[in-house]
Amino acid sequence: MSDLQEEGKNAINSPMAPALVDIQPEDTLLEENEERRMIDPTSKEDPKFKELVKVLIDWINEVLVEERIIVKQLEEDLYDGQVLQKLLEKLAHCKLHVAEVTQSEIGQKQKLQTVLDAVQELLRPHGWPLQWNVDSIHGKSLVAILHLLVSLAAHFRAPIRLPEHVSVQVVVVRKREGLLHSSHITEELTTTTEMMVGRFERDAFDTLFDHAPDKLNLVKKSLITFVNTHLNKLNLEVTDLETQFADGVYLVLLMGLLEDYFVPLHNFYLTPESFDQKVHNVAFAFELMLDGGLAKPKARPEDVVNLDLKSTLRVLYNLFTKYKNVE
């Protein structure tokens, strides 16, 4: 046992390794051609990595608050499939037919397989790469668990903002011909928000954000002037496009002003408090836009509520191009 552990440490802490890796005994007890992956400790100290882990833990705990489940450590709390089962059932509004509590490794893996099969059915039609399996999740691979959670958060359009471009250095240990061999790879956990949620094709606003911030400011000023021309009639004024449209109230009122009708107050929340109420307002405003002959907005209501400026500008610019001559 001690020889195997020493062999594993020597393989991983080779001169090529940038830092020492904390090796557990189970990480060195590999079958022939079996592979084990561990995040390099230096990557775990990266602020963006820490933020990603925290955002995902907070999201899980918020989704499962009624279940009285509190996740503190992803590897230890998610590996057996119990929390993942509850999370998927909440997100997908479904019921998985699995044993509620399983103590044995075989039982845990069977349960985990059922959960991951359900995840695969949801994600595969949308082209998500499945970068995890039963063995990696049950083996407490943090990389695999993070890939799974990021994919779920993106697929279900979670009301969270994942840090973009998070990568980690991963030490890969594989046993070949009785010897342990290690290598280092860079694993990308998140890309851009738009890529992660399967965004639409790039448009003029992508170009403005990436290459012409000066012109972007001109567009913002023009849109502020446009919306205030109409909202001023209700003694309302916008100074910040990103935040003041995020609850959907101004969008609904603006549509009424542009189309010259009164929007009944029971159709939307005038003082929304929850995320869902804000999403309802923005989605309702989108319906009014469709009724007014506008194309379906490229943005999602959740994007606007999440203070995604690019999404908000897309929505307002569509209004501007149709109603710019309306007094």
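A helix here is a DSSP run of H or I with at least four residues, a strand is a run of E with at least two, and numbering starts at the N terminus. Phi of Lys-140 is positive, about 65 degrees, although the residue is not a glycine. Lys-140 is partly exposed, at a relative accessible area of 33%. The cut-offs are under 20% relative accessible area for buried and over 50% for exposed, with partly exposed in between, using a 1.4 Å probe and protein chains only.

Some notes on the model. It is a predicted one, in which local features need pLDDT of at least 70 and side-chain atom pairs count only at pLDDT 80 or more, while totals for chains, interfaces and linings use all residues. Residues are numbered from 1 along each chain as its sequence is written, and side-chain values use heavy atoms, with hydrogens and water left out.

Now the overall numbers. The protein has 17 helices and three strands. It has 327 residues, of which 46% count as buried. The accessible surface is about 17600 Å², and carbon and sulfur atoms hold 51% of that; the areas come from the Shrake-Rupley method with a 1.4 Å probe, and for residues only the protein chains shown count as cover. Taking contacts between residues at least 6 apart in sequence, 60% join residues at least 24 apart. Contact means heavy atoms within 4.5 Å.

Back to H8, which contains Ser-136. Ser-136 is buried, with a relative accessible area of 18%. Leaving aside residues up to four places away in sequence, Ser-136 touches Ser-141 and Ala-144.

Next, helix packing. Two packed helices are described by the angle between their axes and the distance between the axes. The axes are lines fitted to C-alpha atoms, for helices over the stretch in contact, and the angles run from 0 to 180 degrees between N-to-C directions.

Helix H7 (residues 105-123) packs on helix H9 (residues 142-155) at about 45 degrees, with the axes 11 Å apart. That angle makes H7 oblique to H9. For reference, under 35 degrees is roughly parallel, over 145 roughly antiparallel, 65 to 115 roughly perpendicular, and the rest oblique. From H7, Leu-116, Val-119, Leu-122 and Leu-123 meet Leu-148, Ser-151, Leu-152 and His-155 of H9. By class, this contact of H7 with H9 has six nonpolar, two polar and no charged residues. Nonpolar covers Ala, Val, Leu, Ile, Met, Phe, Trp, Tyr, Cys and Pro; charged covers Asp, Glu, Lys and Arg; the others, Gly among them, are polar.

H4 also packs on H9, at about 60 degrees and with axes 11 Å apart. H4 and H9 are therefore oblique to each other. On the H4 side are Phe-49, Leu-52, Val-53, Leu-56, Trp-59 and Ile-60, which meet Leu-142, Leu-146, Leu-149, Val-150, Leu-152 and Ala-153 in H9. The contact of H4 with H9 divides into 12 nonpolar, no polar and no charged residues.

H4 also holds Asp-58, which is partly exposed at 38% relative accessible area. Asp-58 and Val-71 are 13 residues apart along the chain, and their C-alpha atoms are separated by 8.2 Å.

Last, Arg-68, in the loop between helix H4 (47-63) and helix H5 (74-78). Its phi is near 60 degrees, a positive value in a residue other than glycine. Is Arg-68 buried or exposed? Arg-68 is exposed, with a relative accessible area of 78%.
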